[in-house]
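Trainee: I am new to this structure and would like to go through it by question and answer.
Mentor: Go ahead; here it is.

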Amino acid sequence: MHSTDHFDTSSGCCEMPQPFKLDSKWRDVSDYVVHFTRHEATLTSILTERRLKASKPFGWVYQHPNRGQLSNNQVSACFTEVPRDHYTRMVDRHGSFGVVFEKSLIVASGGARVWYVDRDSAVGTHLSTSIALLEQESAWDHPFWSLTPFFEPRIPGRHQWEWEREWRVPGDFVWDSDDAVIGVLAPESAREKFGELGFQVRPPLD
């Protein structure tokens with residue numbers, strides 16, 4: 001059985017952790033991240049393999065014509081730090097199954113929060129200029145490329161994802177103990193199944 005230290009089980013329903021340890025009244029921030037998925041089978045695979053597979057590239061160069069030179073270090077596993085009071089918009093887009101981790105584990109695994117940068121801003125221009133210089137030198141092994149998955153271009157009216165409040169881990173995200181899983185989100189029809197696997201389960205939406 002996985003740790004219940006973060007859950008209130010007195011009412012018979014498992015409550016997710018307080019969203020922010022510094023001040024539990026701050027409902028707009030959280031110490032936790034969630035990976036959402038649409039499919040029960042996908043969540044089952046994630047939990048049993050203890051691996052969240054990175055499926056595609058993200059970040060500043062994800063649509064770059066030379067992306068093939070960078071494919072190995074632009075692929076990321078993705079999470080959201082949106083607090084539980086605001087899961088609705090994430091469920092609508094990504095599905096009603098999810099797995100919860102502490103941010104500290106994401107950081108320890110090489111992950112970080114995403115920086116949404118306006119593409120045509122001064123910062124965006126500096127990023128694009130740096131990328132162009134590295135391309136001219138064919139410097140595909142430069143450490144700078146390890147940062148580009150964390151920069152997400154923001155294009156008003158076309159590409160605006162800051163509302164997802166995303167975190168990313170380069171490559172697959174792997175953990176070595178089921179105790180790393182703070183909780184599982186699942187609709188009523190699947191809660192018993194994941195409970196039998198030993199995980200603390202609650203509905204994705206209250």
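Trainee: Into how many nonpolar, polar and charged residues does the lining of the largest pocket divide?
Mentor: The model is predicted. Its largest pocket has a volume of about 750 Å³. Of the 35 residues that line this pocket, K56, F58, C78, H94 and E166 are the closest to its centre. The lining divides into 14 nonpolar, ten polar and eleven charged residues.

Trainee: Which element supplies the largest share of that lining?
Mentor: Elements that each supply at least two residues of the lining include β1 (32–37), α1 (40–49), β4 (75–80) and α3 (88–94). The largest share is five residues, and the element it comes from is β4.

Trainee: Is β1 largely enclosed or open?
Mentor: In a regular strand, side chains alternate between the two faces of the sheet. On one side of β1, Y32, V34 and F36 are buried, and on the other V33, H35 and T37 are buried too. Because six of the six residues of β1 are buried, the rest of the structure leaves this strand largely enclosed.

Trainee: Which residue of β5 stands opposite Y32?
Mentor: Strand β5 covers residues 97–102 and pairs with β1 in the antiparallel sense, over six bridges. Within β5, the residue opposite Y32 is E102.

Trainee: What percentage of the residues of the whole chain count as buried?
Mentor: The chain's secondary structure comes to six helices and twelve strands. Buried here means under 20% relative accessible area. Of the chain's 206 residues, the share that counts as buried is 47%.

Definitions and conventions: Residues are numbered from 1 along each chain as its sequence is written. This is a predicted model: local features need pLDDT of at least 70, side-chain atom pairs count only at pLDDT 80 or more; totals for chains, interfaces and linings use all residues. Side-chain values use heavy atoms; hydrogens and water are left out. On a 1 Å grid over the protein atoms alone, a cavity is a set of points where a 1.4 Å probe fits but cannot get out, and a pocket is an open set with protein on both sides within 12 Å along at least five of seven lines; lining residues have an atom within 4 Å of a point. Grid points are joined across faces, edges and corners, and a volume is the space filled by probe spheres set on the points. Helices (H or I, at least four residues) and strands (E, at least two) are DSSP runs, numbered from the N terminus. Ala, Val, Leu, Ile, Met, Phe, Trp, Tyr, Cys and Pro count as nonpolar, Asp, Glu, Lys and Arg as charged, and the others, Gly among them, as polar. Buried means under 20% relative accessible area, exposed over 50%, partly exposed in between (1.4 Å probe, protein chains only). Two strands pair if DSSP finds at least two bridges between them.
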